[in-house]
Amino acid sequence: MSRVQSVRSPRLTYLPFHQPSIGQEEINAVTETLRSGWLTTGPRVRQFEAAFAEFVGARHAVALNSATAALHLSLEAAGVGPGDEVIVPTMTFTATAEVVVHLGARPVLVDCLPETLNIDPERIEAAITPRTRAIVPVHYGGLPCEMDRIGALASRHGLMVVEDAAHALPASIEGARVGSISPLTCFSFYATKTITTGEGGMVTTDDDRFAARVRLMSLHGISHDGWKRYTSEGSWYYEVHEAGFKDNMTDLAAALGLEQLKKADAFRDARADIARRYDAAFAALPEIALPPRDPRAGHAWHLYAIRLRLDRLRIDRAHVIAELKARNIGTSVHFIPLHLHPYYQRTLGARPDDHPVASAAYARLVSLPIFPGMSDDDVEDVIDAVRGTVERYRA
Ligand SMILES: *Cc1c(COP(=O)(O)O)cnc(C)c1O
């Protein structure tokens with residue numbers, strides 16, 4: 001039996017790389033909060049924190065205005081300061097490393113594993129010095145790092161682990177949700193992430209002191225939460241205990257986050273479904289290496305990053321992206337490794353050939369659209385555009 005492949009016409013409208021999934025529930029929740037008269041940190045934030053802590057299985061969740069703030073305050077709570085070194089992957093967004101600099105410490109960039117693009121545990125071990133204080137693993141694309149190995153080497157060397165889980169909601173390792181594994185875990189609710197509050201982030205921890213410290217430093221180092229001061233149960237009195245920051249989440253954002261969190265598992269299932277369809281289609285294209293899977297891990301599928309086999313193509317990655325754009329498909333690149341950026345070259349002495357695995361992967365990476373609002377036709381359009389591009393430029 002032969003199957004006639006229908007010839008699909010080229011896509012006429014632009015498919016963005018990402019679109020947040022905002023439903024009527026989110027709109028209602030934010031509108032109600034606007035009408036409630038309480039806009040900044042208040043009852044919605046407390047509800048969001050409680051729901052989030054339960055969702056990942058952590059004792060505490062502290063809501064903040066970004067994952068960058070979450071990373072900053074987590075490392076601060078962990079005691080990172082001047083003279084310390086913090087190990088971070090080079091294959092990440094600059095936020096992971098810049099917060100180390102803001103604490104007066106030095107980020108130490110480490111190369112990634114060739115398959116998962118997650119930080120390489122052996123190279124972590126090689127980068128440890130007497131000044132090393134913490135490790136910040138990033139779960140690239142939503143596929144969890146080998147946290148058993150990283151956790152074991154951290155305790156062997158007396159180091160703190162702060163997970164950058166900006167891509168990893170919801171993700172799990174052998175049934176344990178990311179957010180319940182390490183002493184501190186940081187999530188992002190930026191507009192392109194798996195759930196969004198516009199801008200927002202969360203720290204999860206089981207440690208009462210870490211939670212209290214992050215909370216204190218997130219709001220000016222003031223001992224009482226602002227909203228309690230102005231309710232009948234509170235009072236006008238407060239004390240400043242530290243020179244803190246202004247990193248708190250608004251109730252408007254939390255109202256949005258509460259509704260998004262209810263959908264987080266369904267969003268993930270929709271992304272996993274798209275990933276399966278991409279895998280099935282691209283397995284037939286020798287020009288493309290598929291993103292890896294790990295049977296022990298629950299993948300958040302925040303990213304679907306293909307790697308081009310450049311030796312089988314007559315064009316480079318930039319040209320592939322331009323070709324996909326001409327076919328009305330938006331893409332992105334995750335990431336330009338930190339050691340290739342001028343800032344880290346200038347301040348850390350990083351050189352382009354420092355981290356060959358990340359550099360080689362970078363030249364080949366293209367992130368394709370993967371978001372729950374994509375229609376079946378959208379997914380087919382991406383597949384057609386990728387297939388059409390590699391078939392046209394096959395070496
Ligand atoms: C998006 C992202 C961040 C920063 O998140 P914000 O909420 O925008 O501060 C940090 N790390 C990684 C790996 C990210 O992708």
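This is a predicted model: local features need pLDDT of at least 70, side-chain atom pairs count only at pLDDT 80 or more; totals for chains, interfaces and linings use all residues.
A nonpolar core here is a set of buried Ala, Val, Leu, Ile, Met, Phe, Trp, Tyr and Cys residues joined through side-chain atoms within 4.5 Å, where buried means under 20% relative accessible area, exposed over 50% and partly exposed in between (1.4 Å probe, protein chains only). Leaving aside residues up to four places away in sequence, Val 86 touches Leu 75, Val 80, Val 100, Arg 106, Pro 107, Val 108, Ala 134 and Val 136, with contact meaning heavy atoms within 4.5 Å.

Residues are numbered from 1 along each chain as its sequence is written, and side-chain values use heavy atoms, with hydrogens and water left out. Local features need pLDDT of at least 70 and side-chain atom pairs count only at pLDDT 80 or more, whereas totals for chains, interfaces and linings use all residues.

Next comes a helix pair. Helices α3 (residues 67-77) and α7 (residues 208-218) pack at an angle of about 125°, their axes 9 Å apart; axes are lines fitted to C-alpha atoms, for helices over the stretch in contact, and angles run from 0 to 180 degrees between N-to-C directions. The angle makes α3 oblique to α7, since angles under 35 degrees count as roughly parallel, over 145 as roughly antiparallel, 65 to 115 as roughly perpendicular and the rest as oblique. From α3, Leu 73, Ser 74, Glu 76 and Ala 77 meet Phe 210, Arg 213, Val 214, Met 217 and Ser 218 of α7.

A cis peptide bond links Leu 169 to Pro 170, with omega about -5°, and Pro 170 lies in the loop between β5 and β6 (172-173). Another cis bond joins His 334 and Phe 335, with omega about 0°. Leu 117, which is not a glycine, has a positive phi near 65° and is buried at 2% relative accessible area. Glu 174 likewise has a positive phi, about 45°, but is exposed at 61% relative accessibility.

Key:
Helices (H or I, at least four residues) and strands (E, at least two) are DSSP runs, numbered from the N terminus.
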